[in-house]
Amino acid sequence: PSFGFGQGVDLVPNLVARPASQFSIVVDSTNGHLLLRFGATNWNNGLGPLELVAGAGTTSGQDVYQRLYRSDGTYTDIWAGTFVWHPAHDHFHFGDFARYELKATNAAPGSEQSSAKTTFCVMDTTPIDLTLTGAPPSAVYNTCGKVKQGMSVGWGDTYGPTLAGQSFDITGLPEADYDLSIITDPNN
């Protein structure tokens, strides 16, 4: 569904990954493997919020729309995809929100790893740059909504190193220097 097609400027969000942080190497107590844990924050330095609105549920998940605001106060909803619906959590999860890549700087064979990050929910958890135009002084998206989730301008969504999906199994990797890259919204 859409509302209005005014003459305003699109207030497009721009999601950017901050460098990974809070690194540690731990032993996985379930299998004895070595894990490289890390925290990650993706934030919005765009002109408008990232706002995700639930549509109809389907047999394969939850249809979700990105609400794109315009400077004249109108907005339009653009189909963003079918997201994972988690009945126990009572909200949708954004699959492939980010991709994590671990690569040896000397390209040691077999050392590359990648994983897709699924959000718990998209929220304003971390103020990053509240001096940006349109950045609210306090969190707007501060609950894990089953109908609406989002990230305000100037705010980030942080995942700590102990959460699911915030580690790589490094057991048996060759000794080398490694780069950890975070690509936000790799599927656009």
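## The big picture

Of the protein's 188 residues, 37% count as buried; here buried is under 20% relative accessible area, exposed is over 50%, and partly exposed sits in between (1.4 Å probe, protein chains only). Keep in mind that this is a predicted model, where local features need pLDDT of at least 70 and side-chain atom pairs count only at pLDDT 80 or more, while totals for chains, interfaces and linings use all residues. Residues are numbered from 1 along each chain as its sequence is written, and side-chain values use heavy atoms, with hydrogens and water left out.

What about secondary structure? The protein has zero helices and 15 strands. Along the principal axes, the C-alpha atoms fill a box of roughly 55 × 40 × 30 Å.

## The largest pocket

Now for the largest pocket, which has a volume of about 450 Å³. The search runs on a 1 Å grid over the protein atoms alone, and a pocket is an open set of points with protein on both sides within 12 Å along at least five of seven lines, while a lining residue has an atom within 4 Å of a point. Grid points are joined across faces, edges and corners, and the volume is the space filled by probe spheres set on the points.

The lining of the largest pocket has 21 residues, and Gln66, Ala80, Phe94, Asp185 and Asn188 are the ones nearest its centre. Strands S5 (50-58), S6 (61-69) and S7 (75-86) are the elements that give two or more residues to this lining, and S7 gives the most, with six. Sorted by type, the lining residues come to 11 nonpolar, eight polar and two charged. In that sorting, Ala, Val, Leu, Ile, Met, Phe, Trp, Tyr, Cys and Pro are nonpolar, Asp, Glu, Lys and Arg are charged, and the others, Gly among them, are polar.

## Two positive phi angles

Asp185, one of the residues nearest the pocket's centre, has a phi near 50°, a positive value in a residue other than glycine. Asp185 belongs to the segment after strand S15 (178-184), and counts as partly exposed because its relative accessibility is 24%.

Gln22 also isn't glycine, and its phi is positive too, near 55°. You'll find Gln22 in strand S3 (residues 21-27).

Is Asp157 buried or exposed? Asp157 is buried, because its relative accessible area is 2%. This residue is part of strand S13 (residues 155-159). Asp157 and Ser21 are 136 residues apart in sequence, with 14 Å from C-alpha to C-alpha.

Then there's the loop between strand S11 (126-127) and strand S12 (148-151), where Cys144 is found. At 26% relative accessible area, Cys144 is partly exposed. Its C-alpha atom is 7.4 Å from that of Val122, 22 residues apart along the chain. Gly134 is in the loop between S11 and S12 as well, and Gly134 is exposed because its relative accessible area is 59%. Gly134 and Val153 are 19 residues apart in sequence, and 6.1 Å apart in space, C-alpha to C-alpha.

Definitions and conventions
1 Å grid on protein atoms, 1.4 Å probe; cavity = no way out; pocket = protein on both sides within 12 Å on 5 of 7 lines; lining within 4 Å. Helix = DSSP H or I, 4+ residues; strand = E, 2+ residues; numbered from the N terminus.
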